[in-house]
Amino acid sequence: MRTRLIKLFAMLSILKILYHQGKQFIPNVRTAQVPGIFRGRPVISTNQVNETELVDLCPMNAISSNPVSIDLGKCSFCGECALKFPEKITFTTDYKISTNERERLIVKEGDDFAIEVNPATVRSEIRKIFGKSLKLRQVSAGGDNSCEWELNAANNVQFDMSRFGIEFVASPRHADGIAITGPITQNMAKALEIAYNATPDPKIIVLVGTDAISGGIFADSPALDRSFLENHTVDLYIPGNPAHPLTIINGLIDLTRKTK
Ligand code: SF4
C-alpha cells in the first residue's frame, strides 16, 4: 500500500510539472510570435533627417543615403539607428527575412513588405530533390560561435527543425549542401572548399549571418579570403547577427518547398 502511494505521488508530481511546462515545442514556426524587443525587418519612413549623421552612426556601414536604405546583409541589428532616429527607422518583429536574392536584403525608405525567397529564381532541382529532406553540413569559417549556436538551437526541442526533415550531418559526404557561418578567414578558405567539393551534387550553399553574407565587422580585414563566394552560387541568405532560429527555419523551408 505504501509503495503504491509513493508511486501515485511521483506520478502526480510528474503530471504537475508537465502541466506547468505546457508545450515544449513551438507548434507553428510559420506564425510564432517573438517578444517585442526582437529586431527583425526594419521599416524606414520618408521623414526628412540628417542623412549624413544617420549614415555615419552605423558601425557596420550598412546604411546608405538618397534614398536611405539598410543592407541587412551588413547590419548587425544593434538598433543604434532606430534609437537615434526613431522618427526615421523602426524595427519590426518580422523574422522572415531570408531570401535567395542578395539585393532583396536592401530595405529602402518607404518599403514595408516582406523579404522573401523568390520562387522564380530558385534552382528547379532544389525543390524537386530537397523538398522533403535536406541534410546540411555546417562549416564555421572563422565564426564566433553565435550563428553556430543558433543553428544548434534550430534543432533543439523548442524549434525542432527536424520535424521538417531538415537536419545537420557530420560529414559533407552525407550532406545535400553546406551552411556557412563566419566571415571566411584565410585559415578556413581551403577547408571550406574541401568540404564543398566533398558534398555530392546537386548541392546548395547557405550563408548564415551577417559575417558570412558580407564579412560583417571584419569585411575589410586582410585575414579574410572570400574568393569561395566569387566561384560558387549562393542559394540562400539568412541575415542576423546572429540569425534567429525562426529566420533560419523559415528560410530553409521557403527555399526547399512550395508554401502558401
Ligand atoms: S541596426 Fe544595423 S543599420 Fe542600424 S546602426 Fe545598427 S548596424 Fe547600422
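## Helix α6

Let's start with helix α6 in this predicted model, which runs over residues 186–198; a helix here is a DSSP run of H or I with at least four residues, numbered from the N terminus. Its 13 residues should span 18 Å at 1.5 Å a residue, and the end C-alpha atoms sit 19 Å apart, which agrees. That expected span is 1.5 Å times one less than the number of residues.

Which residues of α6 are buried? They are Ala189, Leu192, Ala195 and Tyr196, where buried means under 20% relative accessible area, exposed over 50% and partly exposed in between (1.4 Å probe, protein chains only). These four cover an arc of only 135 degrees around the axis, so they lie on the same side of α6; the arc is taken from the directions from the helix axis to the C-beta atoms. Turned away from that buried side, the other face carries the exposed Asn187, Lys190, Ile194 and Asn197.

## The sheet

Three strands (DSSP runs of E, at least two residues) form an open sheet in the order β2-β3-β5, paired antiparallel. β2 (63–64) and β5 (106–108) are at the edges with a single partner strand each, so one side of each has no neighbour in the sheet.

Strand β3 (residues 69–71) pairs with β5 over three bridges; pairing takes at least two DSSP bridges. Asp71 stands opposite Ile106 in β5.

## Leu12

Leu12 belongs to helix α1 (residues 2–21). At 44% relative accessibility, Leu12 counts as partly exposed.

## Ground rules

Residues are numbered from 1 along each chain as its sequence is written. Local features need pLDDT of at least 70, side-chain atom pairs count only at pLDDT 80 or more, and totals for chains, interfaces and linings use all residues, while side-chain values use heavy atoms, leaving out hydrogens and water.
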